Amino acid sequence: MKKICQIVAIVLFLTMLCGIPFSFFVQKDLAFSENENRYFADKPSFSLENVLSGKFMEDTERYIDDQFPQRDFWVSLKSDFLRLTGRKEINGVYLAGDGYLIERWLESEFDEKRLAENIEALNRFVQRHPEQAITVMLVPTAGMILKEKLPENAPMFDQQTAYALIYDQLDGVSYIDLNSLFAAHSTEALYYRTDHHWTTYGAFLAYSAWCAVNGCIAEPDRFESETVTDEFQGSLYSKVLGSHCVTDKIELYRQREEAAYDVAYNFGKTHSNTVYAGERLLQKDKYQVFLNGNHPEVTIRTSRRNGRHLLIIKDSFANAFVPFLLKEYETIHLIDPRYYNGSIDDYMLENEINECLILYNIKNFCEDKNILEIAS
């Protein structure tokens, strides 16, 4: 019996040894990974210059890593093995309680200089627009609100440090503080378990805080919740790829009495009559059902004629928040500095903007180099 097991082990080893290199030649290279939401490396370009500079070997390593046969299977197998050996963190993601995957953010990863530059950029923007009503909403991460779900002794940056710097150094704006509100609702589903974004319910709670600052009432009965999928596995799942990972549901909050409106993407290149893109539910990144993902510029024109024109300077967290504002404004404009290359000042003038909301996840606000574009 022992000899048979040895023979089987040898056969399996030789099969893998010969089969994996052979697979590189017969399988078609993958251009894009839906699981990882990125493009894979192409075959390296061979030249004497690339070889001498070391670029050819670097590109080859990247190509082999990306195009390794059955890559997702092996990554998932490794993830399950690490979990069984007691690992509580994989690829910068904590395996937290109740099926939550929580992104790690260490104190050593906090760039105070970058945050200071972003605050200064926003201050210059505020100073150029003293007539504007400018509001700042910075969403805490799940690691701050769901501390009790983190593994024991799991290090996590104290985000209050970042908030304190922002509140102390940023002038001329109104703040919507979500920390206390979210902490009071921490037992509820504020964040997806496999994705770094807030849920639609989390976005609704933020909308209720926005209403308190803007002198209106959130009125939950105005919205009807609809579950459009219960098979969502988001960005954090893509880093872990473990078979033990759970699935999330995505809910849409539709206004019961919804008037017609127009959504124009990228300066009117495409149009839609809804802020939801149902076709995205057929893809891996189902969070893109909100506003059809991220775009440089989006304009929503409603049937309201109240003279209120809002600009939201944002990251992807705003996509789930915007649907709650449709009854509040005549026009809602969104600019994502990661993709927008124009002058924000000129844009505001051309579109008669009289209110501005800066809506970011706190980690993104601390790290995003594109926020500097607000100052230019």
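In this predicted model, residues 24 or more positions apart account for 71% of the protein's contacts with a separation of 6 or more. The protein contains 12 helices and 15 strands. Of its 376 residues, 48% count as buried.

F182 and Y191 are both buried.

A further pair is formed by W198 and F317, with 5.6 Å from centre to centre and 55 degrees between the planes, an arrangement classed as tilted. Where in the sequence do W198 and F317 lie? W198 belongs to the loop between α8 (179–184) and α9 (200–214), while F317 belongs to the loop between β13 (309–314) and β14 (331–335), so the pair ties together parts that are 119 residues apart in sequence. W198 counts as buried because its relative accessibility is 0%, and the limit for this class is under 20%. F317 also has 0% relative accessibility and therefore counts as buried.

Aromatic residues also come together in a cluster. F204, Y207, W210, F223, Y253, F324 and Y329 form one such group. Y329, a member of this cluster, has a charged neighbour as well: the charged end of R308 sits over the ring of Y329, at 4.4 Å from the ring centre.

Strands of a sheet pair through backbone hydrogen bonds, in either a parallel or an antiparallel sense. Here three strands are arranged in the order β3-β4-β5, and their pairing is antiparallel. Which strands form the edges of this sheet? The edge strands are β3 (89–90) and β5 (101–103), each of which pairs on one side only. Strand β4, residues 93–95, is joined to β5 in the antiparallel sense over three bridges. Within this part of the sheet, Y94 stands opposite I102 in β5.

Technical notes. Residues are numbered from 1 along each chain as its sequence is written. This is a predicted model: local features need pLDDT of at least 70, side-chain atom pairs count only at pLDDT 80 or more; totals for chains, interfaces and linings use all residues. Side-chain values use heavy atoms; hydrogens and water are left out. Buried means under 20% relative accessible area, exposed over 50%, partly exposed in between (1.4 Å probe, protein chains only). Rings of Phe, Tyr and Trp (its six-membered ring) pair if their centres lie within 6.5 Å; planes under 30 degrees apart count as stacked, over 60 as edge-to-face and the rest as tilted. Helices (H or I, at least four residues) and strands (E, at least two) are DSSP runs, numbered from the N terminus. A charge sits over a ring if NZ of Lys or CZ of Arg is within 6 Å of the ring centre and within 35 degrees of the ring normal. Two strands pair if DSSP finds at least two bridges between them. Contact means heavy atoms within 4.5 Å.
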